Amino acid sequence: MKALVTGASGPRLESVAEPQPRPDQALVEVRAIAVNRGELALMGQLPAGSRLGWDVAGTVLRAAADGSGPPAGTRVTALADRDGWAERVAVSPSRLAPVPDSVDWPAAAALPVAGLTALYALEYAGVLLGRSVLVTGAGGGVGRTLVQLAAAAGADVLAQVGSPGRAEGLRALGARSVTTYDETDADAVNGEPVDVLLDSSGGQVLNRAFRRLRPGGTLVAYGNTAREELRLTVDWGHARPGLHIRYLHLFDELTRRAPAGDLTALVRLVTTGRLDPQLASVGSWIDPGPALDALRDRKANGKVVLTL
């Protein structure tokens, strides 16, 4: 079968061995894949010919031999084990969810990594009704999902992005306020106090946003796209008694929980119109370069998906 593998100048299509599912795995025919910034980072770290890919959507070709999971013919979204950019993939039923016909392949493929990361970050944040929530990196796939889910949970959502172009559509998704990192007026730098900070940026963005947390507030960090060391003010804790700090790493989280039920909940939100997967671009995996470049250059407001 064909698969996208790492190469010197980016991913390339090559022939690879067919998957051999374990008894507790289903064989899925892949119809669409989504790209994450984590995969972009891996491209520069892994040797040529390495497999990639977490987010997939497709049809179950063969159900798990142990009888678990959906039958053959079921449309699913799934979280692959870094081998999903291929025509076929073996996936545990604990990491997939059925998808109705009303959800197309690109939308289904966009859900697993972004949706689960957002869902678990908000779980760490706690009750959101009536609380103020500041989301950094709000222009990306996870950020846009966070804005929607936090607003739906009754939060007063404030969004921060890297440039004006990244702000597109965020107010319509539920953000009351949208600002850029480089704004220097007092409100943008120090701003109104917030109860919850959801950060993917790290570095100075997190440093500045952190100052806005109220005593008893919660920081949930789930990335460091700035690739910078974090330095907080001397009174970072003393000035905020009762502060909660959590770091979320999705794949560490998945060592302690099976996401099938959570994926099912995300699919239900999409089906009922309460969650928009926010597709920034849909291209073909035959020529993935333009889509990957848009994601790398932060020109994609939402999820980048490739179809097979």
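So, salt bridges: in this predicted model, the count comes to 14. Let me walk you through a few of them.

Take glutamate 123 and arginine 257, whose closest N and O atoms are 2.9 Å apart. Glutamate 123 sits in helix α3, while arginine 257 is in the loop between α8 and α9, so to speak of sequence, the two are 134 residues apart. How accessible are they? Glutamate 123 is partly exposed at 47% relative accessibility, and arginine 257 is also partly exposed, at 21%.

Next, arginine 176, which has two partners to show you. One is aspartate 156, with the closest N and O atoms 2.7 Å apart. Because arginine 176 lies in strand β10 and aspartate 156 in strand β9, this pair ties together parts 20 residues apart in sequence. The other partner is glutamate 192, at 2.8 Å between the closest N and O atoms. That residue belongs to the loop between α6 and β11, 16 residues from arginine 176. As for accessibility, arginine 176 has a relative accessible area of 40%, aspartate 156 has 26%, and glutamate 192 has 31%.

There is a network too: shared partners join Glu123, Asp252, Glu253, Arg256 and Arg257.

Technical notes. Residues numbered from 1 in each chain as written. Predicted model: local features only at pLDDT ≥ 70, side-chain atom pairs only at ≥ 80, totals over all residues. Heavy atoms only, no water. Salt bridge = Lys/Arg side-chain N within 4 Å of Asp/Glu carboxyl O. Helix = DSSP H or I, 4+ residues; strand = E, 2+ residues; numbered from the N terminus. Buried < 20%, exposed > 50% of the residue type's maximum accessible area, 1.4 Å probe, protein only.
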